[in-house]
Amino acid sequence: MYGRRSRFLTFMLGAGLAFLYVPMIMLVIYSFNYSKIVPVWGGWSLRWYESLFKSEDVWNAVVLSLKIAVVNATFATLLGTLAGLAMVRFGKFRGRTLFGGMLVAPLVMPEVITGLSLLVLFITLKKLIGWPEDRGFTTITIAHITFSLAYVAVIIQSRLTGMGETLEEAALDLGAKPFRVLTDITLPRLAPGMVAGWLLAFTLSLDDLVIASFVTGPGANTLPILIFSRIRLGLRPDINALATIIILVVATGVAIAAFIMYRQQKQFQRDMQIAFQEEK
Amino acid sequence: MTDRSVSAAVDVAPHHASALSRLMRRMQSGWRSIVVFIPYVWLLLFFLLPFFIVAKISVAQLVIASPPFTDMIKWTDDGVMSIRLAFDNFAYIFEDDLYVKTYINSLKISSISTILCLLIGYPIAYGIIRSGPVTRKLLLFAIILPFWTSFLLRVYAWMGLLADQGNINNLLIWLGLIDEPIRLMYSEFAVYVGIVYTYLPFMILPLYANMEKLDATLNEAAADLGSRPTNTFLKITLPLTMPGIIAGSLLVFIPATGEYVIPDLLGGGNVLMIGRLLFNEFHQNVDWPTASAVAIVLLFLLVLPMIIYQYYQAKATEEP
């Protein structure tokens, strides 16, 4: 629905974007502040970046968070894709309502409830079967997969609905076996959705503080847990530096991903056009 | 593909229904059930089961042990099983002023934040829709980008702005509007700012997705028939975007009610919110039964909004 954009809407857009971006820009600027007291300007400096790179705690937290994020994203994408396929393509099956409910609830469930309930689950399991022995990498990853898979499933579901079933039906009519239809048609067409889901799951995992704080054990500090324990006590210039690096990495990553997806989409449209032209 | 060919594809779909259902039957056994089975079992084990354990602990009693609560089922010496349910925790929550006040305050803060997000987010989403195709993509990207960066750091950014010696106070003093720094941090105001700031994309995106489907010809027809813009907006646009408004509002309201990080960092001890109370009850007081009861009551308060959200989510994914 294109059309005139009234002055009021243009103003709201500008103000909204300023509201979203000015705090982040300030955060970045003050990371280059020499002064130890964050809001007091003491000249440009890179000293906080230096102290950041020397900190072993920060590196350990970064490594742990990245490991969790990669394993989480991979499993969440697999499980979420299966769940999305089941919801969209399998019609009615026994327990579909409960399944659908369990797939949507993690999207809105307050984190304190999810965190608390997973922790008591892990403790009960340990009492009953002796697993998981310590809390840390494994328990955080399981917790993250549980909510990430719901996000992946949403993406896969909307993609499957958008794709329609005509190509699959054509393949079946031409005698392809159902499994071959899945591997040769459905999954390749789903691939961009799965990539988007993987990236989302990866980010959600890196972002989570509350659930990880519940299910972690002594010594296993993810990056958000480390950041939170420091900023609870007030502003810290080294956290500004860390934030700047994170913002930079994320912005670059998202921009690249968006560019690739945009190009793929164009490529797909071109392919379709050529296919239709040849048909004529 | 043009819109017409899409709708044509949809139109012929029913003819293929028989081929599809044949396929579905063939796949009934075998890998098809595995596809459902794996995520199903995962969610049952790691999502549903934990709630039952929390419910169980909420009716246990606090003891100094590890884990710090009593067993629900006890075997007496003569082999008789006795089940103990202690509803004291719930009675305690409802009798204690602090808990009731905190629940009410959480609901108040999340409701007002939701309205603020809607008032700010709606014109932004509408502004994006009213832009040209390229600008539209760029604006949408600009709205989503902060969502990908760390939530925690976005809250931290406001700690720097709102502090006593922070940027906002400095700016106001420099402008000569105030002489002394005013207290912005550790207040309900700071919590509102934090929630609106971090949850705004959650409001804009469902609204955008909904507005994308709007048909501009309806507005043109209304204008041709002499309707004023305000009237057209109230009678056509607003009702048609209701599903987006509801989805976006619930996506803000539900998680904001249980929010922990924002009230902890920006509200401090001055703002009562249930997520923070639950977290502290659990970690600082190590009172698991009370924390579990608090969680169960919170869940109970949010069940209805969650069901409504699920209904809209299911409708949104089913529509092509």
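Modeller: A residue is called buried when its relative accessible area is under 20%, exposed when that area is over 50%, and partly exposed in between. The model is a predicted one.

Asn170(B) belongs to helix α8 of chain B, which covers residues 167-174. Leaving aside residues up to four places away in sequence, Asn170(B) touches Pro39(A) and Gln165(B). Lys235(B), by contrast, lies 65 residues from Asn170(B) along the chain, and the C-alpha atoms of the two are separated by 45 Å.

The loop between α8 and α9 of chain B holds Tyr186(B). Tyr186(B) has a positive phi of about 55°, although it is not a glycine. Most residues other than glycine have a negative phi, and most peptide bonds are trans. Tyr186(B) counts as partly exposed, at 31% relative accessibility. Val286(B) also has a positive phi, of about 50°, and is not a glycine. Its place is the loop between α14 (274-283) and α15 (288-318) of chain B, and at 37% relative accessibility Val286(B) counts as partly exposed.

Helix α14(B) is mostly covered, with 9 of its 10 residues buried. Among the buried residues of α14(B) are Leu278(B), Phe279(B) and Phe282(B), and also Arg276(B), Asn280(B) and Glu281(B). Leu278(B), Phe279(B) and Phe282(B) are touched by Phe214(A), as is His283(B). Within chain A, Phe214(A) touches Val112(A), Gly115(A), Leu116(A) and Leu119(A); residues up to four places away in sequence are again not counted.

Phe214(A) also figures in the largest nonpolar core, which has 169 residues. Together with Phe99(A), Val112(A), Ile227(A) and Val261(B), Phe214(A) touches the most other members of that core. Helix α9 of chain B, residues 188-211, gives the most to this core, with 14 residues. Domain 1 (1-41) and domain 2 (88-318) of chain B both supply residues to the core, so the core lies between them. In soluble globular proteins, nonpolar side chains tend to be buried together.

Among contacts in chain A between residues at least 6 apart in sequence, 69% join residues at least 24 apart. Chain A exposes about 13,700 Å², of which carbon and sulfur atoms supply 65%. It carries 25 positive and 17 negative side chains, and the centres of the two sets lie 6 Å apart.

One further backbone feature occurs in chain A: the peptide bond from Trp131(A) to Pro132(A) is cis, with omega near -5°. Pro132(A) lies in the loop between α5 (111-129) and α6 (137-163) of that chain.

Terms used: Residues numbered from 1 in each chain as written. Chains lettered and ligands numbered in written order. Predicted model: local features only at pLDDT ≥ 70, side-chain atom pairs only at ≥ 80, totals over all residues. Heavy atoms only, no water. Contact = heavy atoms within 4.5 Å. Areas by Shrake-Rupley, 256 points an atom, 1.4 Å probe, with all protein chains shown as cover. Lys, Arg positive; Asp, Glu negative; His and termini not counted. Charge placed at Lys NZ, Arg CZ, Asp CG, Glu CD. Core = buried A, V, L, I, M, F, W, Y, C linked by side-chain atoms within 4.5 Å. Buried < 20%, exposed > 50% of the residue type's maximum accessible area, 1.4 Å probe, protein only. Helix = DSSP H or I, 4+ residues; strand = E, 2+ residues; numbered from the N terminus. Domains from an automatic or database assignment.
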